[in-house]
Amino acid sequence: MRFFRKKRRRRSRKSRRKSSLLLWSIAAVVFISIFAPFDSSPSVSRVATERRARATVASTVVRIKASPNTTVRATAKSAAPALESEGTDCYRHSQVWLTGNMNIRQSPSTSARILGSTPAGERYHIVASRQGDDYCWLDIKVGWLAVTSYVSAAKPQVAAATPRTETAPNSINNAVQQALDALHRLTVAPENRCSPYDPDDYSYPQSLEPQIVSRMGGRIYGPYTGTTFASARETDIEHIVAKSEAHDSGLCGVGAQTRRTFARDLLNLTLASPSVNRNQKIGKDFAEWTPVRNKCWYADAIIKVKSKYRLSVDSREQAALENTLRSCLSVNMAM
């Protein structure tokens with residue numbers, strides 16, 4: 001009996017010692033967790049997360065800087081009128097001399113409508129510039145040019161497509177100046193169709209074609225493209241100031257006789273291929289379409305016709321005509 005009591009007491013003492021040891025262990029763990037110094041070094045997972053975040057921010061910045069359409073506008077302190085794109089070759093200049101033939105587009109996009117083209121060696125005032133993928137877009141008021149090579153603020157040294165002499169006879173300079181003076185006398189107003197347009201009001205006979213050919217020295221010649229045709233059947237009679245455009249520029253308010261006179265006036269008639277007359281020029285004004293050849297002659301002819309019939313020009317057409325004439329040394333037709 002005594003033997004069993006002693007054994008129970010020994011087991012009870014062992015149990016108490018184990019309990020005490022467990023309590024002291026728990027207390028030590030709590031003490032260490034509270035008072036031990038904090039390890040400030042980030043864990044592997046946290047480092048990886050931060051690296052991924054930094055990489056994401058960096059790649060976003062790179063994409064923004066590399067975007068070809070990102071335009072940085074001029075600050076208020078900048079006196080230059082043109083805009084410059086960050087990290088590009090679009091420079092701030094007030095004017096440029098072009099070194100090659102350029103299409104003029106309605107907006108800075110290769111898919112935008114072509115308003116006309118400009119031959120080499122012409123000078124334009126720049127309103128703004130915008131960087132494209134492989135070229136710089138220049139806003140010249142009448143539209144946008146995509147250029148890869150141009151000389152700013154100085155005439156290019158390379159020869160233009162049509163050689164020009166630096167000093168022109170006084171008669172040529174006078175002709176250009178007369179065209180500019182006449183342009184400034186025209187009324188500037190938006191096109192306005194004050195009455196319905198009917199092509200029958202502007203009828204003309206095909207018998208006018210021989211007279212047009214005679215005025216060009218007997219050649220069946222299309223001045224817009226510089227093409228000599230083998231037969232008159234290959235051409236259309238073309239109105240330099242389009243009938244519908246003239247209607248919206250003042251003839252909508254005149255009588256039928258004046259409209260017929262306008263449609264048959266040799267001053268306003270030339271020849272063109274059907275593709276140019278019916279598909280390209282149609283009823284467009286000078287700001288919307290210009291020919292490949294004889295642009296100076298074409299501008300002067302428009303001004304003479306509009307002056308004769310007291311037709312107006314809108315602001316875009318006026319700016320386009322003036323820009324072109326200021327680069328001309330002659331208004332004669334090149335044959």
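Student: Does α8 pass α9 in a left-handed or a right-handed crossing?

Tutor: The crossing of α8 past α9 is left-handed (the near helix is turned anticlockwise from the far one by less than a right angle; clockwise would be right-handed). This is a predicted model, where local features need pLDDT of at least 70 and side-chain atom pairs count only at pLDDT 80 or more, while totals for chains, interfaces and linings use all residues. Residues are numbered from 1 along each chain as its sequence is written, and side-chain values use heavy atoms, leaving out hydrogens and water.

Student: Where are these helices, and at what angle do they cross?

Tutor: Helix α8 covers residues 295-308 and helix α9 residues 315-325; their axes come within 9 Å and cross at roughly 135 degrees. Helices are DSSP runs of H or I with at least four residues, strands runs of E with at least two, numbered from the N terminus. Axes are lines fitted to C-alpha atoms, for helices over the stretch in contact, with angles from 0 to 180 degrees between N-to-C directions.

Student: What does that make α8 and α9 to each other?

Tutor: They are therefore oblique (under 35 degrees is roughly parallel, over 145 roughly antiparallel, 65 to 115 roughly perpendicular, the rest oblique).

Student: Which residues meet there?

Tutor: From α8, Lys295, Cys296, Ala299, Ile302, Ile303 and Lys306 meet Glu317, Leu321, Thr324 and Leu325 of α9, contact meaning heavy atoms within 4.5 Å.

Student: Cys296 is in that group. Which cysteine is Cys296 joined to by a disulfide?

Tutor: Cys328 is the partner, at 1.9 Å from S to S (a disulfide is a pair of cysteine sulfur atoms within 2.5 Å). Cys296 sits in helix α8 and Cys328 in the segment after α9, 32 residues apart. The link is left-handed, with -90 degrees about the S-S bond.

Student: Are Cys296 and Cys328 buried or exposed?

Tutor: Cys296 is buried at 11% relative accessibility, and Cys328 is buried at 7%. Buried means under 20% relative accessible area, exposed over 50%, and partly exposed in between (1.4 Å probe, protein chains only).

Student: How many disulfides does the structure hold?

Tutor: It holds two. Cys194 and Cys252 also form one, with sulfur atoms 2.0 Å apart. Cys194 lies in the loop between α3 (170-185) and α4 (209-215), and Cys252 in the loop between α5 (243-248) and α6 (256-264), so the pair ties together parts 58 residues apart in sequence. This link is right-handed, with 115 degrees about the S-S bond. Cys194 is partly exposed at 47%, whereas Cys252 is buried at 8%.
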